[in-house]
Amino acid sequence: MSGSDNDCIFCQIVAGEIPSHTVYEDDQVFAFLDANPLAPGHTLVIPRDHHERLNDLSDDTAEALYAAVHDLVPAAEAAVDAPASNVGFNNGEESGQEVPHVHGHVVPRFADDGGGSIHAVGGSAPDLDDAELADIADDIAAQH
């Protein structure tokens with residue numbers, strides 16, 4: 001789906017119906033501080049048009065979204081004097097995506113902040129041998 005979804009909180013933020021602490025906007029991308037931040041400077045970067053999953057984005061929108069993330073990572077880190085950040089997208093409900101509108105998280109990180117690495121979001125690591133990894137790699141490559 002593209003355009004906007006009247007029931008989507010992020011579409012309502014883009015439309016100005018819900019206030020936000022906007023940090024960036026252009027014709028394709030909108031970025032604002034998360035209302036429930038994991039850290040100071042936690043920024044959400046979204047396409048203006050409503051798309052539920054990364055898979056739904058056009059190449060142009062995906063490029064614009066990544067370009068904004070690329071620019072906002074150092075900006076968010078500098079704004080809160082963070083030495084690092086986590087950047088991630090939840091892609092679909094089973095991944096933990098709570099708002100069905102594509103959104104990237106830029107979460108500034110600090111020494112001893114109690115957070116973990118991006119690996120912490122995946123739960124238990126599967127026990128895959130080299131042959132299984134090779135098969136999965138071949139399957140992914142064949143899909144691309």
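I began with the pairing of strand E3 (residues 43-47) and E5, and found the two antiparallel over three bridges. I took strands as paired if DSSP finds at least two bridges between them. Helices (H or I, at least four residues) and strands (E, at least two) are DSSP runs, numbered from the N terminus. The model is predicted, and I kept to its limits: local features need pLDDT of at least 70, side-chain atom pairs count only at pLDDT 80 or more, and totals for chains, interfaces and linings use all residues. Residues are numbered from 1 along each chain as its sequence is written, and side-chain values use heavy atoms, with hydrogens and water left out.

**Entry 1: overall layout.** I noted three helices and five strands in the chain, in the sequence order α-β-β-β-α-β-β-α. The C-alpha trace spans about 50 × 40 × 25 Å along its principal axes. Of the 144 residues, 31% are buried; buried means under 20% relative accessible area, exposed over 50%, and partly exposed in between (1.4 Å probe, protein chains only). I also looked up contacts, defined as heavy atoms within 4.5 Å. Among contacts between residues at least 6 apart in sequence, 54% join residues at least 24 apart.

**Entry 2: strand E5.** I asked which residue of E5 is the bridge partner of Thr-43. The partner is Val-106. On its pairing with strand E4 (residues 84-89), I recorded six bridges and an antiparallel run, with Phe-89 opposite Gly-104. E5 covers residues 104-109, and six of its six residues are buried. Gly-104, Val-106 and Pro-108 point one way, while His-105, Val-107 and Arg-109 point the other way.

**Entry 3: the cores.** I define a nonpolar core as a set of buried Ala, Val, Leu, Ile, Met, Phe, Trp, Tyr and Cys residues joined through side-chain atoms within 4.5 Å. The largest has 13 residues, and those with the most contacts inside it are Val-29, Val-45, Leu-65, Ala-68, Leu-72 and Val-106. Strand E2 (29-33) and helix H2 (59-79) each supply at least two of its residues, and H2 gives the most, with seven. A second, separate core of 10 residues includes Cys-8, Val-14, Leu-44 and Ile-46. In soluble globular proteins, nonpolar side chains tend to be buried together.

**Entry 4: helix H2.** I checked the length of H2: its 21 residues reach 30 Å from first C-alpha to last, close to the 30 Å expected at 1.5 Å a residue. The expected span is 1.5 Å times one less than the number of residues. Where does H2 have a kink of about 30°? I located the kink at Leu-72, shortly before the proline Pro-74; the bend at a residue is the angle between axes fitted to the seven residues ending there and the seven starting there. Leu-72 touches Val-23, Tyr-24, Ala-31, Val-45 and Val-106, residues up to four places away in sequence not being counted.

I listed the buried residues of H2 as Thr-61, Ala-64, Leu-65, Ala-68, Val-69, Leu-72, Val-73, Ala-76 and Glu-77. Their cover includes strand E1 (22-25), E2, E3, E4 and E5. An α-helix has 3.6 residues a turn, so residues three or four places apart point the same way.

Entry 5: After H2 comes Asp-81, with a positive phi near 55°.
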